[in-house]
Structures are given as C-alpha cells and as structure tokens.
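Open your viewer and keep the sequence panel at hand. We will go from one selection to the next and see what is there.

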Amino acid sequence: MSFILDSKVNVDCPECRSRLTVTLRDIQQRRLVRCSRGHSIQLKEQGDGIRKVDRATEDLERSIRRLGGTIRLK
Ligand SMILES: [Zn+2]
C-alpha cells in the first residue's frame, strides 16, 4: 500500500448533500462516517479504482528508486 491511500477526497451525503472529506483509505476500508448533520454514510468503492491507482503509484515509486532517485508526491 502506498501513501496514495492518505489522499483526501470529498463525498456528498446522499441524504442532505452536505460535503465531507474522507481519505481513500476510509473508502477502501468501507468505514461508516457521519456528515455534519449526523446522517450515517457507508463508504464504498465503486469498482477497483483505488487499488489500481495504488498499484500504479507503487510501480512508479519502484521505477524511480531503481533509477537511483527518490520520489515525493506528497
Ligand atoms: Zn447528511
């Protein structure tokens, strides 16, 4: 797992449309979060996009390390 899972994304509450910020890790772990008005939202990933991005980022990190460099995308 790479640091990409710490990326923050905005989701809208399906009940009241208020916006809240979660991390990709929260979504991948299907955490239950609450919006500012107290509605529970079951996070779930659509498809396997996060895993793909995570894997691509790890590949990128590895490739750059192999070239003798370091990467700081944060
Ligand atoms: Zn809400």
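**First stop: the hairpin**

Select R17: in the hairpin of β1 and β2, with 6 residues between the strands, R17 takes a positive phi near 65 degrees. Helices (H or I, at least four residues) and strands (E, at least two) are DSSP runs, numbered from the N terminus. What you are viewing is a predicted model, in which local features need pLDDT of at least 70 and side-chain atom pairs count only at pLDDT 80 or more, while totals for chains, interfaces and linings use all residues. Residues are numbered from 1 along each chain as its sequence is written.

Now colour residues 8–12 (β1) and 19–23 (β2), which pair in the antiparallel sense over 5 bridges; two strands pair if DSSP finds at least two bridges between them. Pick N10 and look across to its bridge partner in β2, T21.

**Two arginines**

Most residues other than glycine have a negative phi. R17, in the loop between β1 and β2, is exposed because it has 9 C-beta neighbours inside 10 Å.

Next, select R30 in the loop between α1 (24–28) and β3 (32–34). R30 is not a glycine, yet its phi is positive, about 50 degrees. Is R30 buried or exposed? R30 counts as exposed, because it has 10 C-beta neighbours inside 10 Å.

**Last stop: helix α2**

Select residues 49–66: α2 has 18 residues and reaches 26 Å from its first C-alpha to its last, close to the 26 Å expected at 1.5 Å a residue. That expected span is 1.5 Å times one less than the number of residues. α2 is hardly covered, with 1 buried residue among its 18. Finish on G68, which follows α2 and has a positive phi near 90 degrees.

Definitions and conventions
A residue is buried if 20 or more other C-beta atoms lie within 10 Å of its own, exposed if 12 or fewer, and partly exposed in between; C-beta atoms are placed from the backbone.
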